[in-house]
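Grab a pencil and take a look at the molecule below. Then try the exercises before you read the solutions.

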Amino acid sequence: DTGVFDIPVPDQEWQTRERLGYEREMLGLYVSGHPLDEIATALATVGDTPISALTEGRISHGRKVTVAGIIAAVDRRVTKKGEAWAIVRLEDLEAGIEILFFPAAYAGAAALLVEDAVVAVGAQVSIREGRQSLLGDRVRDPELTADGSGRPVTLFLASTACTPRSVRALRETLQRHPGATELRINLIGARGPRLLALDPQFRIAPSPALMGELKALFGSTCLR
C-alpha cells in the first residue's frame, strides 16, 4: 500500500554547502561543519581585523577596518524618508558582529548583502557613550577558491628595504606561519616593479597575526 508517509529519499547526498544551509535553516546552527572551514586560511588574507578584536573592544573609535566572513542574517529596514538600510550579521569561525549599512552605503552594497554570502566588509568603528557600532561603507566578494588556497599573497617592497637584516626577519616570520598559500614579492626598484615568486618552502598560512607582523616589518602599505 502507498500511504501518506511514503516520502522519496534522494539517492545522492547533498553538497556540503547545501547541507549546512539546511542545518542552519532547520536548527538555527551548523551541526556537521561550517561553511568557512574549507576557505578559512584564504579568508584570513582578505580582512585585516578579526571579528573577535571588535567584539572584545580592542579597536579604538574612528578606526577603519576590513572584516571578512559569512553573512548570517540581513535585517532590511526603511527610514522615515523611505530610504532602505540594513543591519547585517557577519560571522567568522570565532565570532560574529552586527554591521550597520545606512542608506548611502546600502545602496551600493545591497546586491552582495545576502544570507550565506562570503564577503569582505570595509567599515568604521564608532564608539558613543560606551556603546560600539560598526558602520559599513563597502562590500566585495573576495572570490576565494573552493580548496581554501585562495589567491597568492603579494608583498609590496621597495628594493631599498631589502637589507640582509630585513630579509632575515622576513624569512623567520614566514617560517613561523607555514601553510599552503603562495607568497609573492612585488619588488619596486629604480627600473620599475618586478614580481618574484618565492620557493614553495615559504608557503604560508595567512592570518591576521601574520599580516600584522609583515606590516610591522615593512609598513602598512606592504599589503594591498
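Predicted model: local features only at pLDDT ≥ 70, side-chain atom pairs only at ≥ 80, totals over all residues.

Residues are numbered from 1 along each chain as its sequence is written, and side-chain values use heavy atoms, with hydrogens and water left out.

**Exercise 1.** Find which residues have the most contacts inside the largest nonpolar core.

Start with the term: a nonpolar core is a set of buried Ala, Val, Leu, Ile, Met, Phe, Trp, Tyr and Cys residues joined through side-chain atoms within 4.5 Å. Buried means under 20% relative accessible area, exposed over 50%, and partly exposed in between (1.4 Å probe, protein chains only). The largest such core has 26 residues, and Phe-101 and Val-121 are the ones you want.

**Exercise 2.** Work out whether Ser-126 is buried or exposed.

Check the relative accessible area of Ser-126: at 13%, Ser-126 is buried. Now look around it, taking contact as heavy atoms within 4.5 Å. Skipping neighbours within four places in sequence, Ser-126 is in contact with His-61, Arg-131, Gln-132, Ser-133 and Leu-135.

**Exercise 3.** Find the salt-bridge partner of Arg-89, and say how accessible each residue is.

A salt bridge needs a side-chain nitrogen of Lys or Arg within 4 Å of a carboxyl oxygen of Asp or Glu. The partner is Glu-91, with the closest N and O atoms 3.5 Å apart. Arg-89 is partly exposed at 31%, whereas Glu-91 is buried at 16%.
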